[in-house]
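Open the model in your viewer with the sequence panel alongside, and follow the selections below in order. Each stop names what to select and then describes what is there.

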Amino acid sequence: MDNFMNIGMDAFNDAIADGMDPGAAAQAAGNAASAAASEAGFPPEMIETAMNAGMDSFQANMDAGMPPGDCMEGCMTAGMDAGTEAFGDAMPDFDAIGLDAFNEAIANGASPQEAGEAAGNAVETAATDFGMPPEMLEAGMNAAQETFNDALANG
């Protein structure tokens, strides 16, 4: 997955090197990081929350007299923190979704392996509907499958 902070900082530094005003350079950096997050599949609402928090931080720090580079570092951190919080707050309860699907499958006569597949399918559908980036979903599903397989193998 892309490092959005590096993308933003690189865009900011390039814009400053090209003579752009720090505020415009910060906007260009935010646009670059937002585009990368969008391409990775993050929900637009989360990206907007991150962008707004980052730009608010940048302006507050500029108003306080901080150097533009320091303002941009604070901007990127504030944006990433706000985006992460927004993503977490909006995320469905995947544990409950998976457990409900597993229990329902067992109640309907499925084997533990079939119930595990039903749980995985339910979580995958919820994650896709939520807008979770495919790379993140794949990593989570692989870890869950490995844990489930270990549990089955060890009783």
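Axes here are lines fitted to C-alpha atoms, for helices over the stretch in contact, and angles run from 0 to 180 degrees between N-to-C directions. Helices (H or I, at least four residues) and strands (E, at least two) are DSSP runs, numbered from the N terminus. This is a predicted model, in which local features need pLDDT of at least 70 and side-chain atom pairs count only at pLDDT 80 or more, while totals for chains, interfaces and linings use all residues. Residues are numbered from 1 along each chain as its sequence is written, and side-chain values use heavy atoms, with hydrogens and water left out.

**Stop 1: helix 2 and helix 3**

Select helix 2 (22-40) and helix 3 (44-63), which pack at an angle of about 160° with their axes 10 Å apart. Helix 2 and helix 3 are therefore roughly antiparallel to each other, given that angles under 35 degrees count as roughly parallel, over 145 as roughly antiparallel, 65 to 115 as roughly perpendicular and the rest as oblique. Their crossing is right-handed; a crossing is left-handed if the near helix is turned anticlockwise from the far one by less than a right angle, and right-handed if clockwise.

From helix 2, Pro22, Gly23, Ala26, Gln27, Gly30, Asn31, Ser34, Ala37 and Ser38 meet Ile47, Met51, Met55, Phe58 and Met62 of helix 3. By class, this contact has eight nonpolar, six polar and no charged residues, where Ala, Val, Leu, Ile, Met, Phe, Trp, Tyr, Cys and Pro count as nonpolar, Asp, Glu, Lys and Arg as charged, and the others, Gly among them, as polar.

Not counting residues up to four places away in sequence, Ser34 touches Ile47 and Met51.

**Stop 2: helix 1 and helix 4**

Move to helix 1 (residues 4-17) and helix 4, which pack at an angle of about 150° with their axes 10 Å apart. That makes helix 1 roughly antiparallel to helix 4, and helix 1 passes helix 4 in a right-handed crossing. Phe4, Met5, Gly8, Met9 and Phe12 in helix 1 meet Pro68, Gly69, Met72, Glu73, Met76, Thr77 and Met80 in helix 4. The classes in this contact are eight nonpolar, three polar and one charged.

While helix 4 is selected, pick out Thr84, which lies in that helix and counts as exposed at 52% relative accessibility.

**Stop 3: the nonpolar cores**

A nonpolar core is a set of buried Ala, Val, Leu, Ile, Met, Phe, Trp, Tyr and Cys residues joined through side-chain atoms within 4.5 Å. Which of the 16 residues in the largest core touch the most other members? They are Phe4, Phe42, Met46, Phe87, Phe94 and Met132. The elements giving two or more residues to this core are helix 2, helix 3, helix 4 (68-90) and helix 6 (112-130), and helix 6 gives the most, with four residues. Apart from this core lies another, of 15 residues, among them Ala26, Ala33, Met51 and Met76.

Centre on Phe4 and leave aside its neighbours within four places in sequence: Phe4 is in contact with Ala33, Ala36, Ala37, Ala40, Phe42, Met76 and Met80.

**Stop 4**

Pro112, in helix 6, counts as partly exposed at 40% relative accessibility, and touches Phe102, Ile106, Phe148 and Leu152, not counting residues up to four places away in sequence.

Finish at Met141 in helix 7 (residues 134-153), which is partly exposed with a relative accessible area of 21%. Met141 and Val123 are 18 residues apart in sequence and 8.5 Å apart in space, C-alpha to C-alpha.

Methods: Buried means under 20% relative accessible area, exposed over 50%, partly exposed in between (1.4 Å probe, protein chains only). Contact means heavy atoms within 4.5 Å.
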